[in-house]
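Here is a briefing on one protein model.

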Amino acid sequence: MLDSAKIELRNLRVKDYEELKVSMIKSYHEMPHEYWTKGEIRTLINKFPEGQLCIAIDNKIAGCALSIIVDYDKFDDNHTYDEILGGENFPTHTKNGNVLYGIDVFIHPDYRGMRLGRRLYEARKELCEHLNLKSIIFGGRIPNYSKFSNELTPKKYIEKVKLQEIHDPVLSFQLSNDFHVKKVIKGYLPGDERSKEFATLMEWNNIYYSKPEKLVNTKKTVVRLGLVQWQMRLFKDYEALVSQIEFFVDAVSNYQSDFILFPELFNAPLMAQFNHLSEPEAIRGLSSYTDRLLETFREFAINYNINIITGSMPQAIGEHMFNVGFLCRRDGSYERYEKLHITPAEETAWGMKGGNKLETFDTDCGKIGVLICYDVEFPEVSRLLAEEGMNILFVPFMTDTQNGYSRVKICAQARAVENECYVAMAGSVGNLPKVDNMDIQYSQSAVLTPSDFAFPVNGIKAEATPNTESTLLVDVDLDLLKELHNFGSVRNMKDRRKDLYSLKKKK
């Protein structure tokens, strides 16, 4: 029947989805509701098109192999399937990873026995070699184990499969394709009753792998943060404000800092010239400087070789006013972030609107997130960033009273614990008697940490003197976060009850 059939091994396309869905449902008849959504397939193809392979027979999808690239150093061998995926947007995928991780392989039942699975595995190996990745790793089911679980441990079962005394449709096939068992994992795929929730962590090593030379711009594990506790003062003009900005950038960069963080609305002194206007008109006047400041910060980031988190500034977009800031990387690129949650005072006095943009940012020191002041008081927001791999959360803030400051700091410290990340928060001090709604400031800038043995007992790495203009220079070790995630006294990110609750970002 298949003598004249056209067999094609190629990359998966989004338009294949309906055919793919049929094959998935047929292949996973034991779990009829366990198939990839069209959105998930689209995301995989957009992020890593060459890693999504399929075999089409007469234009029908007969088999498929889905993969991502992960930095396996961030995981231990006891990971679960959900931890590897990281969420529906596959945030664990990174082009800078070292392992091709297989997240699914299946063959339509009507086409089994044609060695199509072997073709997919061979294509994966070629891709692994082409991308110079260290190995292929995946978790494999052992579906026949339930028949022997009363008499054999998983170890004994695997030994008998290796000796071909027992046939397992998955493990036997993987062993015959040069994969070896790296570890046995319990709870890798909850609900897999046929495997008794055990899985074999399988690995194929790329013998042609060449470890990349360590380059100047590789991601660092110890990152130096510079925080500016900014003194609110009147400046005679825009150039005077820029001169003060450059002073801090210069000073902090002299200590080879990787980042410098400015506070929320640090440029408010320029609003003095608009004090004769209403408050909404004055903040709109201040927003006229935002584009100029962005270009200035980008220039400073390049000239002083430092990543700058610009705090925040007002930005007018049409009739609406937003509170925004920028990550200006030292390579000249930049990103924009928005304050999502607007306080009642910002809304009534200035007519501010909440933004809609929430994302992590890649830097030469790993993934970071930025939340402006009030945003850090909403735990869901930082959790979404943590699920995308954030290691450092920057919080530019502005508070007028110690009550307001306490809210921000207490919440920021909670975010560090629950998301297993560092939190750097910087605010302003002093007063602006000639600027309405900006009379007084209270701040104590700080770098906050999780609370475990590798970190300070009070969860505070360092903090500035309250209400005094200063800089704070702090080194944070990203490897300690990895250790915490895998071996901490408590593991907040791993121990979440995803069987009871979930959190996802709306499109």
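Helices H11 and H12 cross in the right-handed sense (right-handed: the near helix is turned clockwise from the far one by less than a right angle; left-handed: anticlockwise). This is a predicted model, in which local features need pLDDT of at least 70, side-chain atom pairs count only at pLDDT 80 or more, and totals for chains, interfaces and linings use all residues. Residues are numbered from 1 along each chain as its sequence is written, and side-chain values use heavy atoms, with hydrogens and water left out. Helices (H or I, at least four residues) and strands (E, at least two) are DSSP runs, numbered from the N terminus.

**Helix H11 against helix H12**

- Helix H11 covers residues 379-387, and its axis comes within 10 Å of the H12 axis.
- The two axes cross at roughly 40° (axes are lines fitted to C-alpha atoms, for helices over the stretch in contact; angles run from 0 to 180 degrees between N-to-C directions).
- H11 contributes Pro-379, Ser-382, Arg-383 and Ala-386 to the contact (heavy atoms within 4.5 Å).
- H12 answers with Arg-415, Glu-418 and Asn-419.
- By class, the residues of this contact are two nonpolar, two polar and three charged (nonpolar: Ala, Val, Leu, Ile, Met, Phe, Trp, Tyr, Cys and Pro; charged: Asp, Glu, Lys and Arg; polar: the others, Gly among them).

**The six-stranded sheet**

- Six strands build an open sheet with mixed pairing, in the order E15-E16-E17-E18-E21-E22 (two strands pair if DSSP finds at least two bridges between them).
- Strands E15 (361-363) and E22 (460-463) are the edges. Each has a single partner strand, so one side of each lacks a neighbour in the sheet.
- Neighbouring strands of this sheet are turned by 20° against each other on average, direction ignored.
- Strand E18 (residues 422-426) pairs with strand E21 (residues 446-448) in the antiparallel sense, over three bridges.
- Val-423 has Leu-448 in E21 as its bridge partner.
- Helix H12 (residues 402-419) lies across E17 (392-396), E18, E21 and E22. H12 runs at about 160° to E18.

**Helix H8 and its surroundings**

- Helix H8 spans residues 279-287, where Ala-282, Ile-283, Gly-285, Leu-286 and Ser-287 are buried (buried: under 20% relative accessible area; exposed: over 50%; partly exposed: in between; 1.4 Å probe, protein chains only).
- These buried residues pack against helices H9 (290-303) and H10 (344-350). They also pack against strands E11 (313-317), E12 (320-328) and E14 (352-353).

**Salt bridges**

- The structure holds 27 salt bridges (a side-chain nitrogen of Lys or Arg within 4 Å of a carboxyl oxygen of Asp or Glu).
- Lys-182 and Glu-203 form one of them, at 3.7 Å from N to O. Lys-182 sits in strand E6 (residues 180-186) and Glu-203 in strand E7 (residues 198-205), so the pair ties together parts 21 residues apart in sequence.
- Lys-182 is partly exposed, at 33% relative accessible area, whereas Glu-203 is buried, at 9%.
- Arg-10 meets Asp-16 in a salt bridge at 2.8 Å, N to O. Arg-10 is buried at 12%, and Asp-16 is buried at 8%.
- Arg-336 bridges to Glu-338, with the closest N and O atoms 2.5 Å apart. Arg-336 is buried at 17%, and Glu-338 is buried at 12%.
- Elsewhere, salt bridges with shared partners join Glu-8, Arg-10, Arg-13 and Asp-16 into one network.
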